[in-house]
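Look over the structure below, then read on.

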Amino acid sequence: MASTETSTHCPYCALQCGMKLRPVTDGAVAEVVERTDFPVNRGALCGKGRTAPAVLAAGVRLTGPLVRDAGGELAPASWDEALERIADGLRGTRAEHGADAVGVFGGGGLTNEKAYALGKFARVVLGTSQIDYNGRFCMSSAAAAHQRAFGLDRGLPFPLEDVPRTGCVILVGSNLAETMPPALRYLTELKENGGRLIVIDPRRTRTAEQADLHLAPRPGTDLALALGMLHLVVADGRVDEEFVAARTSGWDEARAGAMAHWPELVERLTGVPVPQLREAVEMFCGAEAGMVLTARGPEQQAKGTDTVGAWINFCLATGRAGRPLSGYGCLTGQGNGQGGREHGQKADQLPGYRKLTDPAARRHVAGVWGVDPDSLPGPGRSAYELLDALGRDVRSLLVMGSNPVVSAPHAGHVEERLRSLDFLAVADVVLSETAALADVVLPVTQWAEETGTTTNLEGRVLLRQRAVTPPDGVRSDLEVLNALAGLLGHGKGFPADPEEVFDELRRASAGGPADYAGISYERIAAEDGVFWPCPDEEHAGTPRLFLERFATDDGRARFVPVTHRAAAEETDAEYPVVLTTGRVVSQYQSGAQTRRVAELNAAAPGPFVELHPRLAERIGVAEGESVAVTSRRGRAVAPARITVAIRQDTVFMPFHWPGEGRANSLTNPALDPVSRMPEFKVCAVRVEAAG
Ligand SMILES: Nc1nc2c(c(=O)[nH]1)N[C@H]1C(S)=C(S)[C@@H](COP(=O)(O)OP(=O)(O)OC[C@H]3O[C@@H](n4cnc5c(=O)[nH]c(N)nc54)[C@H](O)[C@@H]3O)O[C@H]1N2
Ligand SMILES: Nc1nc2c(c(=O)[nH]1)N[C@H]1C(S)=C(S)[C@@H](COP(=O)(O)OP(=O)(O)OC[C@H]3O[C@@H](n4cnc5c(=O)[nH]c(N)nc54)[C@H](O)[C@@H]3O)O[C@H]1N2
Ligand code: SF4
Ligand SMILES: [Mo]
């Protein structure tokens, strides 16, 4: 192995920080070296990125297939045996119960190539409509709202470098300081440039501490808050009438919706005092340009799509969209959260962000795939609905890139559904809690061990390059799909070489909303990423969207009329406290990867319940003592972390751990009617000393 440094990007979040890897031989597999010339993070990395190679070390990651034996234990097996077991399992289910009884569950951490191949595998080889992925739990509400308003969904319509140059940023339900630490720099620079920062979060997070103004609404009330602010914009005569007339449609209906939300009513619903609402509006409208950025706080609600819609309405009414240094954006989450939703692992989508229900889209993609358009199944169930159908309508499942035993809402129920399957196969790097339930576990390569593209939160398509040699006994997801397709009668169409897959993806996406046709591995490497849409090789890519027109038929952004509604589950005498959930800086998602890194566990050793001193006193717990949190769906126990940084009526739990402290034992799988996003951010609970 040559001891040269290879440029790549972090395996974890959507920032996709640039880094270099230098192979080493003393136990670890590689050393992370700073890479200061990549613009997004300019060398900065968080602890997760710096320690990422530890997950690939022997003894941590899987190094050979496992098959459940006659005694019910997972035992080492050969690749041939493992793959044949999977082919038999999936074939058997299809023969007995039909193609739609076979399900596929993907992940937003998968490269574009894998996401594309997985979607094609489901539709062409398995012939099933039942494919969805964990991104449904992530940005689906923002994606739906983007589509409705702008006719196109890309997380940020501008590069992050624009953020410090705007006048005011409203950050809604994003704890960037913990979830994308190197990006905090953009907010610091904003303030250094004289810009203002408003943070909306029920907790005074490390991010909120940076704000000029922090609004702390009751979880689940963001829609009312946004409408209340729009009300004030109208009442104070701050509507940008010229922009509204020239660039939008539907204002009258949206305006009426906002006018029904009086500041006093909004204060009652959200707990945010009217003077703070006014201050926020004045701060935002007083600046020459402004951005509203949302993350999971307002999005992971059963009304997330309307909530994001309300913030888009706010941007449109104030003329803060479709102009330089202004706009609405969603901070996507997973490493390939953006690309993962563009290339066909979502239940209703075909590559290039095409709709599975659109006959022209079906014809185009079927043409690239060499199949009859009529053979492509229609849209399937959304992620939670798919998990809920396991063991009933869906009898066999292939999981690639997710750990729903920890991360799905109402996880106790999901775990039970997974256990009731006729057959479960999981491809993973490590033995996740979900893999531990499988009949067959396939050990796959990841990140530094393979080449592939991801699309970061800015819509910048990036190239991760293989930097280390994977252990013998481990194969890539593309090799797995290639082999399974072969066993299931499709010897062609599933190349294992990532660049070959990418070139096919380019053709499949050509002419679609997320057009990658002009993007090649060579270009990405030379240009440090290319922004889609990029329809041909002469096209420079599109860092900034909507400056001339929005992607709707008439080029106008669409206001969407929305009104506030309560959370799916409100507090009552029995469950008087609101639970919200989220992340800590040193663990990632279900923790499958980061819980295997000593340095990260030292920093974030386990679950906790964050609560206000008043609430702690009322239930009689001191710092570090066990708190039992009970919802209508389950119970979790974790040590108290007492802080005035949280509202008195709310408790917060991070969701990174399985077992007794699993936050998702409690969460409510109520779904947003448009995006099918579950309500991770609000449910009703009872909290007691667990003594
Ligand atoms: N360290 C770390 N970083 C990560 C991840 C990780 O697991 N760990 N995951 C990555 C992924 S996939 C994602 S999606 C992103 C998520 O990134 P973020 O959205 O920043 O993360 P969360 O902690 O889920 O939620 C953000 C904030 O929303 C607040 N919140 C809770 N309820 C509400 C509400 O009703 N309204 C409002 N306005 N705010 C509310 C929480 O208090 C929390 O501070 O992070 C990415 N980066
Ligand atoms: N309560 C609560 N629950 C939540 C959230 C919340 O805020 N609150 N957030 C939700 C959000 S935004 C998200 S994104 C989900 C994420 O939740 P999960 O989908 O569980 O995410 P990960 O833990 O990243 O799981 C990825 C799995 O795939 C494996 N893996 C990594 N790379 C590869 C690869 O290349 N190939 C294969 N085959 N496997 C790979 C990892 O080892 C890991 O086991 O959680 C959701 N759940
Ligand atoms: S911020 Fe995200 S991409 Fe950057 S090093 Fe940390 S986890 Fe990796
Ligand atoms: Mo996410």
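## An exposed residue and its partner

D37 is exposed, at 53% relative accessibility. R35 is buried, with a relative accessible area of 6%. Here buried means under 20% relative accessible area, exposed over 50%, and partly exposed in between (1.4 Å probe, protein chains only). The accessible areas come from the Shrake-Rupley method with a 1.4 Å probe; for residues, only the protein chains shown count as cover. The side chains of D37 and R35 form a salt bridge, 3.0 Å from N to O. A salt bridge is a side-chain nitrogen of Lys or Arg within 4 Å of a carboxyl oxygen of Asp or Glu.

This is a predicted model, in which local features need pLDDT of at least 70, side-chain atom pairs count only at pLDDT 80 or more, and totals for chains, interfaces and linings use all residues. Residues are numbered from 1 along each chain as its sequence is written, chains are lettered from A and ligands numbered from 1 in the order in which they are written, and side-chain values use heavy atoms, with hydrogens and water left out.

## Salt bridges across the chain

How many salt bridges does a search of the whole structure find? The search finds 43. Side chains of opposite charge can pair when their charged atoms come close.

R341 forms a salt bridge with D153, and their closest N and O atoms are 2.6 Å apart. R341 lies in the loop between β13 (327-330) and β14 (349-350), and D153 in the loop between α4 (140-150) and β8 (168-172), so the pair ties together parts 188 residues apart in sequence. Helices (H or I, at least four residues) and strands (E, at least two) are DSSP runs, numbered from the N terminus. R341 is buried at 2%. D153 is buried at 0%.

E569 and R633 also meet through their side chains in a salt bridge, at 3.0 Å from N to O. This pair links distant parts of the chain, 64 residues apart. E569 is in the loop between β22 (557-558) and β23 (577-582), and R633 in the loop between β25 (626-630) and β26 (635-642). Both E569 and R633 are buried. Elsewhere, salt bridges that share partners join E5, K20, R22 and E31 into one network.

## Ligand 2

Ligand 2 is surrounded by 32 residues. The closest are N134, S402, S407, D428 and S590. A residue counts as near a molecule or strand if one of its heavy atoms lies within 4 Å of it.

Polar contacts (pairs of N or O atoms within 3.5 Å; within protein, one must be able to donate a hydrogen and the other to accept it, and residues adjacent in sequence count only if both atoms are side-chain atoms) come next. A side-chain N or O atom of D477 is 2.7 Å from a nitrogen atom of ligand 2. R583 places a polar side-chain atom 3.1 Å from a nitrogen atom of ligand 2. K681 has a side-chain N or O atom 3.0 Å from an oxygen atom of ligand 2. On its own, ligand 2 has 930 Å² of accessible area, and the protein covers 97% of it.

## Ligand 1

Which residues come nearest to ligand 1? Of the 33 around it, they are D201, D222, R583, Q587 and Q589. α5 (176-179), α12 (296-299) and β23 each supply at least two residues of the shell around ligand 1.

Backbone atoms take part here. A polar backbone atom of T179 is 2.8 Å from a nitrogen atom of ligand 1. A backbone N or O atom of V584 lies 2.9 Å from a nitrogen atom of ligand 1. K681 has a polar side-chain atom 2.9 Å from an oxygen atom of ligand 1. Ligand 1 exposes 900 Å² when taken alone, and the protein buries 99% of that.

## Loops and backbone

Q300 lies in the loop between α12 and α13 (304-317). Q300 is buried, at 4% relative accessibility. Its side chain reaches the backbone oxygen of F137 at 2.9 Å.

Most residues other than glycine have a negative phi, and most peptide bonds are trans. W532 and P533 are joined by a cis peptide bond, with omega about -5 degrees. Phi of W447 is positive, near 50 degrees. W447 sits in the loop between β18 (440-443) and β19 (452-455) and is buried at 1%. Phi of L325 is also positive, near 65 degrees. L325 is partly exposed, at 22%.
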